[in-house]
Amino acid sequence: MKKAIKYILAIILVLFIASNSIYFKKLSDVKASAAKQFDAAKYARNYLNTQLIPAADKAPQADDLLAILKSSPDTAFKTYSHGLDIGNIRFFMVQGQGTVTAVDENDIYILTKDKQALKIAIEYVFGNALRDAPGLININDFTNTMDLNNIAAEVDKIVRAEVLPPIKSKIKTGDKLTFAGAFELNQEHINLDKIEVIPAILKIDK
Amino acid sequence: MILSQYRSHLVKFQSLIALVLLCIGIGLLSDKFFTVDNGWNVMRQISVNICISVGMTLVVLTGGIDLSVGSVLAIGGAIAAGLLKFGIEIPSGNLYIGFTLLGSILGGLVIGSLLGLFNGWTITKFKVPPFVATLAMLTIARGFTMLYTKGFPISNLGDSFAYIGTGWFIGIPVPVWISAVVIVVAIVITQKTALGRYIYAIGGNEHASKLSGINISKVKIIVYGIAGMLAAVGGIIVTSRLDSAQPNAGMSYELDAIAAVVIGGTSLSGGRGTIMGTVLGALIIGVLNNGLVLLNVSPFWQQVVKGGVILLAVIIDKANSKND
């Protein structure tokens with residue numbers, strides 16, 4: 001009798017815990033609701049067309065930006081850089097023209113009008129530069145960082161799929177190139193030689 | 001006679017004396033050490049190590065060792081976070097099983113317990129040395145964590161989940177409450193239950209315990225199960241504190257746990273030691289870590305100092321065993 005009561009109490013306890021632990025829904029409903037919540041791909045496409053490209057058009061010229069980064073880095077960071085957090089990594093928008101001096105599987109190397117060397121990424125397009133450099137995305141508009149990460153990933157994906165392929169197949173040393181994009185710099189350890197522009201616009205001039 | 005009594009007291013309270021001396025030493029060298037904020041900071045930090053170390057103590061008391069606790073911590077935290085955030089999807093039945101906060105915590109604890117039980121089972125059933133069996137589990141659990149999280153953190157788990165690791169209850173941080181409950185339950189188990197007596201008996205003399213009718217396998221499996229569950233408790237606290245389940249969480253935590261157990265006076269050959277000793281050991285490790293940071297000691301030197309303290313504790317333990 002005592003054992004039976006023990007078992008009954010144990011079953012009641014298990015049922016109570018289970019009923020407060022899990023719930024069931026239709027998977028299709030959950031997916032539909034999740035899709036409604038945030039579509040990073042759609043956001044990224046809209047961001048690229050309505051914010052990033054216009055910002056790229058207004059970005060400082062590479063020669064000017066590199067000159068001020070050399071002569072007065074603090075002013076350059078204050079005036080032209082953006083970032084979503086308070087860390088040392090900051091992002092700059094940049095645009096310019098240059099002559100291709102070399103091409104390898106990862107980068108296009110160019111010399112600008114003022115003979116400044118720059119490299120433009122054509123293989124590893126990752127990171128937050130294109131998302132953060134214009135400074136147009138407000139972190140407070142997002143409820144979780146995953147959405148923010150997904151926006152950066154989707155913007156990079158569009159660049160890899162649409163901006164790079166037409167250039168990668170044709171580009172060669174001596175070509176004239178027009179570009180606009182973003183790069184990151186560590187404001188505590190500024191190394192201008194390591195700048196790698198992630199392109200949002202890349203055209204071979206005719 | 002008096003000298004012998006004096007020595008016996010010294011041995012009994014050696015961890016406590018070491019802790020007090022350490023606190024005084026660091027307090028003299030850093031004015032930030034004896035502050036309320038720093039005190040809670042230390043307590044919060046050691047709460048995870050206490051959970052793991054208590055489980056490790058039970059294992060070590062039986063004469064075993066569990067090297068998998070760090071990885072089990074990671075998977076326990078990841079499962080809890082994953083269930084809370086993503087639930088379980090069963091596309092064939094168009095079914096989504098969602099988990100409440102309670103459900104996700106239970107899920108993490110169940111996985112931790114199961115992995116611990118599996119450790120115990122392989123050790124007793126196949127006579128695999130605990131060192132090897134749990135070393136294997138260390139990589140298995142880490143691998144499963146990577147598979148489950150796909151190598152990415154699971155973040156943004158909500159305020160209720162964050163409360164476990166960052167909240168306060170009656171003026172005391174919640175992780176400290178959790179570790180206090182773990183300590184009390186473990187003391188009750190070791191001091192007031194048959195299981196506790198069996199644990200000490202097996203560690204003291206396994207053969208004699210077997211002859212006296214103790215089910216050695218059952219006790220060991222339970223003990224490893226408890227160690228796994230407590231590692232998962234630690235994992236849930238860590239995940240909650242960071243608001244993110246990191247796939248590489250808990251790496252090398254087993255070393256801190258073993259250090260706390262050894263410094264606390266538990267014999268690595270089993271049968272001798274106490275939960276309170278381990279708590280003191282965890283406090284010493286925590287205070288040492290905190291003190292070295294406050295004193296701006298290089299992280300590389302911190303490792304050297306910690307290793308030296310562990311070595312010293314083992315040497316003292318050996319000397320005491322000889323004298324006993």
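Predicted model: local features only at pLDDT ≥ 70, side-chain atom pairs only at ≥ 80, totals over all residues.
## The contact between chain A and chain B

Chain A and chain B each give 15 residues to their contact. About 1,400 Å² is buried between chain A and chain B, and carbon and sulfur atoms account for 61% of that area. On the chain A side, S21(A), Y23(A) and L27(A) supply 38% of the area buried against chain B, more than any other three residues.

There is 1 salt bridge across the interface of chain A and chain B. K31(A) and E89(B) form this salt bridge, with their closest N and O atoms 3.5 Å apart. Three elements of chain A, namely β1, α2 (27-37) and α7 (145-168), each supply at least two residues of the side that touches chain B. Of these elements, β1(A) gives the largest share, 5 residues. Residue pairs in polar contact between chain A and chain B, with both residues at pLDDT 80 or more, number 6.

Strands from both chains make up an open sheet of 3 strands, in the order β1(A)-β2(B)-β1(B) and with antiparallel pairing. Its edge strands are β1 (22-26) of chain A and β1 (88-90) of chain B, each of which pairs on one side only. From one strand to the next, the twist averages 20 degrees.

Within chain B, β1(B) pairs with strand β2 (residues 95-99) in the antiparallel sense, over 3 bridges. In this part of the sheet, I90(B) stands opposite L95(B) of β2(B).

T100(B) belongs to the loop between β2 and α5 (101-125) of chain B. With a relative accessible area of 25%, T100(B) is partly exposed, because that value falls between the 20% limit for buried and the 50% limit for exposed residues.

Leaving aside neighbours within four places in sequence, T100(B) is in contact with N20(A), S21(A) and Y23(A) of chain A, and with L84(B) of its own chain. T100(B) and G63(B) are 37 residues apart in sequence, and their C-alpha atoms are 38 Å apart in space.

## Two hairpins in chain A

Strand β3(A) and strand β4 (residues 107-112) of chain A run antiparallel and are joined by 5 bridges. The two strands form a hairpin with 3 residues between them. One of the bridge pairs is A102(A) with Y109(A), the latter in β4(A).

Strand β4(A) also runs antiparallel to strand β5 (residues 117-121) of chain A, again through 5 bridges. Y109(A) has a bridge partner here too, K119(A) in β5(A). The hairpin of β4(A) and β5(A) has 4 residues between its strands, and K115(A) takes a positive phi near 60 degrees there.

## Q95(A), in strand β3(A)

Q95(A) lies in β3 (residues 89-103) of chain A. Q95(A) counts as buried because its relative accessibility is 14%, under the 20% limit.

## S155(B), in strand β3(B)

S155(B) is part of strand β3 (residues 154-155) of chain B. S155(B) is buried because its relative accessible area is 17%, under the 20% limit.

The side chains of S155(B) and S244(B) are joined by a polar contact of 3.2 Å. Leaving aside neighbours within four places in sequence, S155(B) is in contact with K85(B), D243(B) and S244(B).

Conventions. Residues numbered from 1 in each chain as written. Chains lettered and ligands numbered in written order. Heavy atoms only, no water. Buried < 20%, exposed > 50% of the residue type's maximum accessible area, 1.4 Å probe, protein only. Pairing = 2+ DSSP bridges. Axes fitted to C-alpha atoms, helices over the stretch in contact; angles between N-to-C directions. Contact = heavy atoms within 4.5 Å. Buried area = accessible area lost by both parts, 1.4 Å probe. Salt bridge = Lys/Arg side-chain N within 4 Å of Asp/Glu carboxyl O. Polar contact = N/O pair within 3.5 Å; in protein donor to acceptor, adjacent residues only side chain to side chain.
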